[in-house]
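Please go through the model below with this report alongside. It covers pockets, strands and a helix contact.

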Amino acid sequence: MPPEPAAPLATIAAALRRERERVGISLTELARRAGVAESTLSQLESGTGNPSVETLWALGVALGVPFSRLVEPTNDGVRVVRAGDGPRVRSERADFTGTLLSAGAAHLRRDVYLIELEPGAIRAGEGHAPRSVEHVVLAAGRLRVGPETAPVELNPGDYATFPGDAPHRYEALTPGTFAVLIMEHP
């Protein structure tokens, strides 16, 4: 597997500071709410560190914003994301990489990701904001996905949707599994 491009650290740092200040809480309080070490959060806000998907999701939930608001640079023009490019963030618990393809405008509240998974550890997702919905279209491989209590198996071309506000999972059943994930947020 080729080396991972660096996470969009400057974008993440600016977004964390911006959103924390918008909410009006201290670094210490945000770290407490997200269950993240204060030193980790301090490093992320200074543009250093190596944030995982789990850490960024926890921070987004604590700030009341979608994951995408923390990783996508602002851009008002045409945007093309070439295969292998884009803000990629790896999981610390599974062989799972998420690449944000498009964040929804404030009034649309949808984000589009390309996700890549390999067999092994299961990517367990905590519930996101209430009334969040996940839509998955499998492009290659085989995938077990959905609520922890009722996951389904997908083959290439299959589509599944499920509540994103309850614990859920992503499990690659074959090497080279990848899918498009669309997140809807209230």
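## Second largest pocket

The second largest pocket holds about 220 Å³ of space. Its lining counts 13 residues, and E54, W57, A58, R93 and E126 are the closest to its centre. A pocket is an open set of points on a 1 Å grid over the protein atoms alone, with protein on both sides within 12 Å along at least five of seven lines. Lining residues have an atom within 4 Å of a point. Grid points are joined across faces, edges and corners, and a volume is the space filled by probe spheres set on the points.

Which element gives the most to this lining? Helix α4 does, with five residues. Both α4 (53-63) and β4 (123-125) supply at least two residues each. Helices (H or I, at least four residues) and strands (E, at least two) are DSSP runs, numbered from the N terminus. By class, the lining of the second largest pocket has four nonpolar, four polar and five charged residues. Here Ala, Val, Leu, Ile, Met, Phe, Trp, Tyr, Cys and Pro count as nonpolar, Asp, Glu, Lys and Arg as charged, and the others, Gly among them, as polar.

## Basis of the model

The model is predicted: local features need pLDDT of at least 70, side-chain atom pairs count only at pLDDT 80 or more, and totals for chains, interfaces and linings use all residues. Residues are numbered from 1 along each chain as its sequence is written, and side-chain values use heavy atoms, with hydrogens and water left out.

## The cavity

The structure holds one cavity of 30 Å³ or more. A cavity is a set of grid points where a 1.4 Å probe fits but cannot get out. The volume of the largest cavity is about 140 Å³. It is lined by 15 residues, with V53, W57, F96, R123 and L181 nearest its centre. Elements giving two or more residues to this lining are α4, β2 (96-103), β3 (110-117), β4, β9 and β10 (177-184). The lining of the largest cavity divides into nine nonpolar, four polar and two charged residues.

## Strand pairing

An open sheet of four strands runs in the order β4-β9-β6-β7, with antiparallel pairing. Its edge strands are β4 and β7 (152-154), each pairing on one side only. Neighbouring strands of this sheet are turned by 20 degrees against each other on average, direction ignored. Two strands pair if DSSP finds at least two bridges between them. Three bridges join β4 to the antiparallel strand β9 (residues 168-172). A124 has R169 in β9 as its bridge partner.

Strand β5 (residues 133-140) pairs with β8 (residues 159-163) in the antiparallel sense, over five bridges. V136 stands opposite A160 in β8. β5 also pairs with β10, again antiparallel, over seven bridges. There, V133 stands opposite E184.

## Helix contact

How do α1 and α3 cross, and at what angle? The axes of α1 (residues 9-23) and α3 (residues 38-45) come within 7 Å and cross at roughly 115 degrees. So α1 is roughly perpendicular to α3, a label for angles of 65 to 115 degrees. Axes are lines fitted to C-alpha atoms, for helices over the stretch in contact, and angles run from 0 to 180 degrees between N-to-C directions.

A13, L16, R17 and R20 in α1 meet L41, L44 and E45 in α3. Contact means heavy atoms within 4.5 Å. The contact residues divide into four nonpolar, no polar and three charged.

Note on methods. Angles under 35 degrees count as roughly parallel, over 145 as roughly antiparallel, 65 to 115 as roughly perpendicular and the rest as oblique.
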